[in-house]
Amino acid sequence: MCELKAVKVENLYFRYRTGFSLENIEFSVEEGEFFGIIGPNGSGKTTLLKILSGLLKPQKGTVLLFGKVPWEVSRKEMAKTVTLVSQDFFPSYDFTVKEIVEMGRLPHQRLLNGASKRDEEIVLKSLELTDTLKFSSRTFWTLSAGERRKVVLSKAIAQDTKILLVDELTAHLDYSNVSLVGNVMRKLKESGKTIVAVFHDINVASLLCDRLAVMKNGRIIKIGAPTEVLDEGVLRSVFETEFVVLTHPVTKKPLAFLK
Ligand SMILES: Nc1ncnc2c1ncn2[C@@H]1O[C@H](COP(=O)(O)OP(=O)(O)OP(=O)(O)O)[C@@H](O)[C@H]1O
């Protein structure tokens with residue numbers, strides 16, 4: 001019997017009214033896999049994540065998350081299956097960090113019942129994991145961009161979905177926080193979560209991901225292990241600039257540098 005894929009996309013076509021389109025998108029992600037998406041600005045990476053999260057509906061093709069079509073299940077069921085850690089999270093009220101992370105537990109609560117002791121424990125653990133517990137009583141907008149990024153990730157961790165979609169995992173983070181967030185993602189993967197993440201830093205993608213997809217002009221150009229994708233020829237044709245690819249002396253993963 002064929003095992004259910006965490007993510008399965010077939011023959012996907014999506015077009016914005018302004019003209020940009022995603023075409024012939026086909027890939028699948030195994031449960032527990034860390035799948036990275038790289039590609040130039042405007043190649044369609046965020047649009048693809050929004051489709052996977054159910055925020056946008058494609059005009060053609062199939063999208064299945066554990067066998068279910070995102071826009072055909074209830075919002076509550078979706079919110080237990082998948083979460084999108086987006087670049088643009090703008091709370092409309094000056095919530096505290098703790099209140100933001102508590103929002104991640106809402107899909108698990110019954111109307112009027114409020115937060116349980118377990119919800120509280122999960123919120124605290126999520127804050128601890130990303131080292132944001134120290135900010136828990138500060139309001140979201142008093143934090144730096146990098147600190148806010150980690151809070152939004154904490155909220156997603158508290159939501160405890162089977163799939164995490166992460167747009168620009170390391171944007172605004174310094175080296176110690178890239179390392180911290182990388183370790184958090186590894187722990188999530190070890191606990192069985194499926195992660196699909198967009199990266200601008202292809203070397204961080206190489207170090208963290210099991211497989212990578214490279215996008216250009218709304219199409220997937222190549223999918224494979226980092227060693228197959230971080231190839232000088234592939235990178236040159238996708239980013240239209242020269243690269244040199246070396247091997248990380250410790251992890252043996254490929255690392256790409258501008259020539
Ligand atoms: N809501 C929208 N309406 C119309 N066009 C859009 C919309 N959102 C994005 N686009 C366009 O679709 C294209 C792909 O955008 P998308 O944000 O998916 O690219 P990306 O690969 O994530 O880019 P970046 O690396 O710069 O974040 C771009 O040309 C963008 O201008």
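The legends below describe an overall view and two close-up views of a predicted model. Residues are numbered from 1 along each chain as its sequence is written. Local features need pLDDT of at least 70 and side-chain atom pairs count only at pLDDT 80 or more, whereas totals for chains, interfaces and linings use all residues.

**View 1. Overall fold of the protein.** The secondary structure comprises 9 helices and 11 strands, where helices (H or I, at least four residues) and strands (E, at least two) are DSSP runs numbered from the N terminus. The C-alpha trace spans about 55 × 40 × 40 Å along its principal axes. For 259 residues a compact globule would have a radius of gyration near 18 Å, and the value of 18 Å for the protein agrees with this; the radius is taken over C-alpha atoms, and the globule rule is 2.2 Å times the number of residues to the power 0.38.

**View 2. Surroundings of the ligand.** Around the ligand lie Tyr-16, Thr-18, Phe-20, Gly-39, Asn-41, Gly-42, Ser-43, Gly-44, Lys-45, Thr-46 and Thr-47, a residue being near if its C-beta atom, placed from the backbone, lies within 6 Å. This shell contains 2 nonpolar, 8 polar and 1 charged residues. Ala, Val, Leu, Ile, Met, Phe, Trp, Tyr, Cys and Pro count as nonpolar, Asp, Glu, Lys and Arg as charged, and the others, Gly among them, as polar.

**View 3. Contact of helices α4 and α5.** Ile-122, Val-123, Ser-126, Leu-127 and Leu-129 of α4 meet Ser-154, Ile-157 and Ala-158 of α5, with contact defined as C-beta atoms, placed from the backbone, within 7 Å. This contact has 6 nonpolar, 2 polar and no charged residues.

Key:
Contact = placed C-beta atoms within 7 Å.
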